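Have the sequence and the 3D view ready.

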Amino acid sequence: MTKSTMNDNRMIRDRYLGCLIGLGVGDALGAPLGFMSPAVITQRHGQARDYLGGGWLLLRPGQVTDSAQMALALARSLVRQRKFDVEDVVRELLAWFESEPTDMDKVVRASLGLMKAGQSILQASKRVVEELGIEANGSASLARCAPVGLLHAKSLMQNVQDSVRQSKITHWNDGAGGACALANLLIAEYVAGRPDFALARSVEYLEDQAVRQAAVAAETLSYDDLHSSGSALDTLQCALWCVLHHNDFEEAVIAAVNLGGEAGAVGALTGALAGARHGLPAIPDRWLEELEGREELTALADTLYQIGWLGE
């Protein structure tokens, strides 16, 4: 292996680590700001730039919530199986569901609750929409999806397929699945070191026109146009805007979480995308030191790099 190849692989590994650890950082920064408006955040904190803790969940500084916890569950399964195995992913998610986590998205709770009661895997989330009347186009499956993008960084069609499949475990709506696919295509472009025109290349793989339009629009919107509403398309648009308009991990994630609303999910997705783009060295040490679960996020990202990039 040449010195140039070794340097390239080191940078790609740093991007794998940056993606998964960045997801955790964004979740921990954003979760305490959940359900606040930008005006309330400004009034209470000025611009929130560090782990605050507290919030409606009374979190510790650096504590992660369901976005990072579900990403960990997904990553554990991918590493163990060396592929996407829907039944194994569900086993991991159900183990998390039964652990009484601090927070859980309502659509996730309803879908996993039906599975625990014996409903078949791929019918549960469909029933949540059809019979329980809960809107399934939320952002929880999007906030956790990054491990699939890392596993399939070299296999774009498999990336799209498994991104949608992991989303449908809990979120039947096509918009949520399409948003996951786009996010993971971007992660694949970023970890490979191809940030220029990454969005234009990625949207070409999507059939869902609403996802394509929301993603492309992110390039031209203003910050004041963004809505951290909790829908998958709004979360995708917020995260894309922050990554595309800041050539820096720290400022991208700060912009994301200060939108308030679904700040944990938006922060997690922004952290994953910006981490994949800029790599682990771009994440401030002060955020790494206090991050809950950093050791496992590091180990899983490293193994996903070995499987997904090196093919080991």
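How much space lies in the second largest pocket? About 200 Å³. A pocket here is an open set of points on a 1 Å grid where a 1.4 Å probe fits, with protein on both sides within 12 Å along at least five of seven lines. Lining residues have an atom within 4 Å of a point.

This is a predicted model, in which local features need pLDDT of at least 70 and side-chain atom pairs count only at pLDDT 80 or more, while totals for linings use all residues. Residues are numbered from 1 along each chain, and side-chain values use heavy atoms, without hydrogens and water.

| Pocket | Volume | Lining residues by class |
|---|---|---|
| Largest | about 440 Å³ | 11 nonpolar, 10 polar, seven charged |

Of the 28 residues lining the largest pocket, F35, D66, D103, D105 and E262 are the closest to its centre. The second largest pocket has M157, K168, D174 and Y205 among its lining residues. Helix 9 (156-168) and helix 10 (174-191) each give two or more residues to that lining.

Now for the helices. Helix 5 and helix 6 (residues 121-130) pack at about 135 degrees, with axes 8 Å apart. In their contact (heavy atoms within 4.5 Å), V107, A110, S111, L114 and M115 of helix 5 meet I121, A124, S125, R127 and V128 of helix 6.

How values were computed: Grid points are joined across faces, edges and corners, and a volume is the space filled by probe spheres set on the points. Ala, Val, Leu, Ile, Met, Phe, Trp, Tyr, Cys and Pro count as nonpolar, Asp, Glu, Lys and Arg as charged, and the others, Gly among them, as polar. Helices (H or I, at least four residues) and strands (E, at least two) are DSSP runs, numbered from the N terminus. Axes are lines fitted to C-alpha atoms, for helices over the stretch in contact, and angles run from 0 to 180 degrees between N-to-C directions.
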